[in-house]
Amino acid sequence: SRFIWLIASSNKIDRHSPLVILFLRRENLLMATMTQTVAVETERSWGNGSSCGSSATSSSVSEKKPLSDQERMPPTASLLLIHYFLVLATVNLVITIPTANEYSERLGAGRLFAGLMIGCLPILGIAGNLVNQKLFSCLPLKTIWILNCLGTVLGCVLYALAGLMKFKWTLLIARGLMGFCSAFSLPGIYVSHTVGLKRRSEILFYFSAVLTLGCAVGPALAAMLEAFMKFIRIENLVLDSDTIPGWFMAVLYLLFTAKLILLLKDLPIDALAVEVQGRTLESPKKGRRQGLPLTKVAACCACFWSLFVSSAVTTGVEVYSINLCTHYMSWSIAKSACFVAALMFISGIFNLTLGKLLRCLSFSDVKGLMGATVFACVSCGFLFNFELEHPTVKISLNSMGLVLVLISMGLVRAFGLSLCSKMVPPDTLNSVMTWATVAMSLGRGGGSIVCSVLSPDSFAPVLVGLFMVSMLSTLATRKFMKADIKAS
């Protein structure tokens, strides 16, 4: 049309003459016919699956995919089930803390044995996580999860029967079996493969919050079960206030296994067993996986240390609070358990709220990790032993300090897990998330053992030392804590 118009203007022909208008009408009719033909051919090629239509479709999808891939989410039922499992696994870890000393002394052991009994579960969970990592090559994630749940049921039943056997080492064997089958690494791996980068920090905030809420539910359930046993007045070798946590958790894990079979959408086995290059899954035999550079390894180790400290302090606060209330404040087990449950519940609610606020705030995970560590150091000021005579003032200061420390540790755990899932390429994601879980398991075990023997004079200095090391390691490696270009 433009060409005909220019010809008419250059030859001084009237642009509104009948000849020019006729040419323009014919040209417009021809263009409309060609457009309709192209549309019909495109529809045919899409319907017949021709190569031209397929390439156009794939290019269009590839152009739009990064945005949807960044915000992808698993089914709601699967996501809720994973959060429920985190609460259940944490409850199984801490529900025995209020009665651990009495159960150990009843079988001829002491406080140190009780700390070992609590700590062996997460420590032996390391071996279970490494075994699960090997099983990814031959079994689906859902099958591995079901087998672990059934093993945990067996461990809970064995823990409940330790009083009947009158053999103290049965407690360690039972707790070790629970730890080996704890499957702490599976939720993080599932989320790393199903949640996009833009929503991952938010979901991991919820992870951290429900882990803290699990620490609140555990002591509360222990107090309720003890009150229930006193109400029904049943005390024998098989069922009493010491053994009922084992029977109770066995029933809960059986119910969870049924929900897991019915509701969880499984990952494809090739998503866990094969090497990922870009967005294409290829066989591991086609190329050797390249290792991470030393700078990235150092950044991962700094995140692992932060995760270790967060888990150690969270579990250690629970153990220390029980000892503080029972030995230094002369409280009953039920009252001490309710006090610890209140601390955990308040901090868990705060972490849930912060997870909602995270979507509205724009700051990096590295800054969040450093800020949370500094906040934890400041919070320890309330935990030093000022030798106050008034018990109300003393417990108020300790409560304030413990709540602030727990909130900061929830932030550290969320930001640390988010960094671990983002700063490595997809082919090393499973390994990094497994080692992150190993670090948290070591923290849970080490924190329960160490804090079981700490006093009010030594508790705060130990925490400050741990937080300072975390701060220095994060500062030294903060430049390398960047999202990998292939992260998804």
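Q: Where does Ala183 lie in this predicted model?

A: Ala183 sits in the loop that runs between helix H9 (169–180) and helix H10 (185–194).

Q: What should I look for in the backbone there?

A: Start with the general idea: most residues other than glycine have a negative phi. Now the case here: Ala183 has a positive phi of about 60°, although it is not a glycine.

Q: Is Ala183 buried or exposed?

A: Buried, with a relative accessible area of 2%.

Q: And how many residues of H10 are buried?

A: Nine of the ten residues in H10 are buried, so this helix is mostly covered. Among them are Ser185, Leu186, Pro187, Tyr190 and Thr194.

Q: Let's turn to rings. How many aromatic pairs are there?

A: The idea is to compare ring centres, with a pair counted when they lie within 6.5 Å. On that rule the count comes to eight aromatic pairs.

Q: Which helices hold Tyr84 and Phe256?

A: Tyr84 is in helix H4 (residues 76–94) and Phe256 is in helix H12 (residues 244–263), so their pairing ties together parts that are 172 residues apart in sequence.

Q: How accessible are Tyr84 and Phe256?

A: Tyr84 counts as partly exposed, at 28% relative accessibility. Phe256, in contrast, is buried, with a relative accessible area of 0%.

Q: Which residues do ring pairs link into a cluster with Tyr84?

A: Ring pairs join Tyr84, Phe85, Trp145 and Phe256 into a cluster.

Q: Where does a charge sit over a ring?

A: Here you look at how far the charged end is from the ring centre and whether it lies over the face; the distance cut-off is 6 Å. The charged end of Lys335 sits over the ring of Trp331, 4.6 Å from its centre. Lys168 gives another case, lying over the face of Phe113 at 5.7 Å from the ring centre.

Q: What is Ser104 in contact with, leaving aside its neighbours within four places in sequence?

A: With those neighbours set aside, Ser104 is in contact with Ala109, Gly110, Phe113, Ala114 and Met117.

Q: Which helix holds Ser104, and is Ser104 buried or exposed?

A: Ser104 is found in helix H5 (residues 97–106). Ser104 is buried, with a relative accessible area of 0%.

Notes:
Residues numbered from 1 in each chain as written. Predicted model: local features only at pLDDT ≥ 70, side-chain atom pairs only at ≥ 80, totals over all residues. Heavy atoms only, no water. Helix = DSSP H or I, 4+ residues; strand = E, 2+ residues; numbered from the N terminus. Buried < 20%, exposed > 50% of the residue type's maximum accessible area, 1.4 Å probe, protein only. Phe/Tyr/Trp six-rings, centres within 6.5 Å; stacked < 30°, edge-to-face > 60°. Lys NZ or Arg CZ within 6 Å of the ring centre and 35° of its normal. Contact = heavy atoms within 4.5 Å.
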